[in-house]
Amino acid sequence: MALLGGRSVAQIPNGYYTSAEGKTGTELKSALHDIIKGHTSISYANIWYAFWTTDNRGNGIVWDMYSNQTFHLSTDQCGTFQNEGDCYNREHSWPQSWFGGENQTTPRTDLHHIFPTDGYVNQKRSNYPFGEVSQATYTSSNGSKLGTCATSGYSGTVFEPIDEYKGDFARALMYMSVRYYGEDSGWGTSGMTNKSEINEWAVDMLLRWNELDPVSQKETDRNNAIYADYQHNRNPF
């Protein structure tokens, strides 16, 4: 299946995507939703513990995609912060305000879109859409940028991760759109989304990001860990 981004088929449970084979468009989206829905939810507090498996560079060092700071799992959790490098927190790449906040407990704890990131940079990103920045008002230590959107179709403020991780975030957002397809009655809108649907300009951009930054071993390992140890569902992208 092309949508699997070249991931080794041996790592996918036998028959996991069989019901989606041969489908396209809305039928494919519905079939994938039915495969990955109803996952096991963990508590919000347990996200911290899951990071030990999902986002550990080795020796308990946080794999942070927003900065070049070094954080140690558990000991450097936020807390309060004033500057980049103070601590790391739980970044919802699909911001909580887009799906209704704390009352929506399932997407709020869905590890497939939650990553440990520098708390200060996370705050800068806020709930702005992802996009491509024309003129940065802020740049993090690894080159992530906040600023005016240069991507055709949107002219507001956006946050742009570095090229190395653009695909990671693209596939996380595409996962969310499919996982909560038809389960978004309490969700809101944003410059990038309408409930669980991603706006056309953003779909085009995310597909480009998906091609620019193919699935890495980091992502494959993360997907396997979330499936095996926590939620028992996979990101099909």
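A: In the largest nonpolar core, which has 43 residues, Leu 32, Trp 94, Phe 130, Met 192 and Leu 206 touch the most other members. A nonpolar core is here a set of buried Ala, Val, Leu, Ile, Met, Phe, Trp, Tyr and Cys residues joined through side-chain atoms within 4.5 Å; buried means under 20% relative accessible area with a 1.4 Å probe, protein chains only. At least two residues of this core come from each of α1 (25-36), α3 (96-99), β5 (133-139), β6 (145-149), β7 (157-160), α6 (163-179) and α7 (200-212). The largest share, 9 residues, is supplied by α6. Helices (H or I, at least four residues) and strands (E, at least two) are DSSP runs, numbered from the N terminus.

The model is predicted: local features need pLDDT of at least 70 and side-chain atom pairs pLDDT 80 or more, whereas totals for chains, interfaces and linings use all residues. Residues are numbered from 1 along each chain as its sequence is written, and side-chain values use heavy atoms, without hydrogens and water.

Leaving aside residues up to four places away in sequence, Phe 130 touches Tyr 66, Ser 93, Arg 125, Val 158, Phe 159, Pro 161, Phe 169, Leu 173, Met 192, Trp 201, Met 205 and Trp 209, a contact being heavy atoms within 4.5 Å. A second, separate core of 14 residues includes Tyr 44, Ile 47, Trp 48 and Phe 71.

As for the setting, the protein chain has 8 helices and 9 strands, and 53% of its 237 residues count as buried. Among contacts with a separation of 6 or more, 65% join residues 24 or more positions apart.

Key: Buried means under 20% relative accessible area, exposed over 50%, partly exposed in between (1.4 Å probe, protein chains only).
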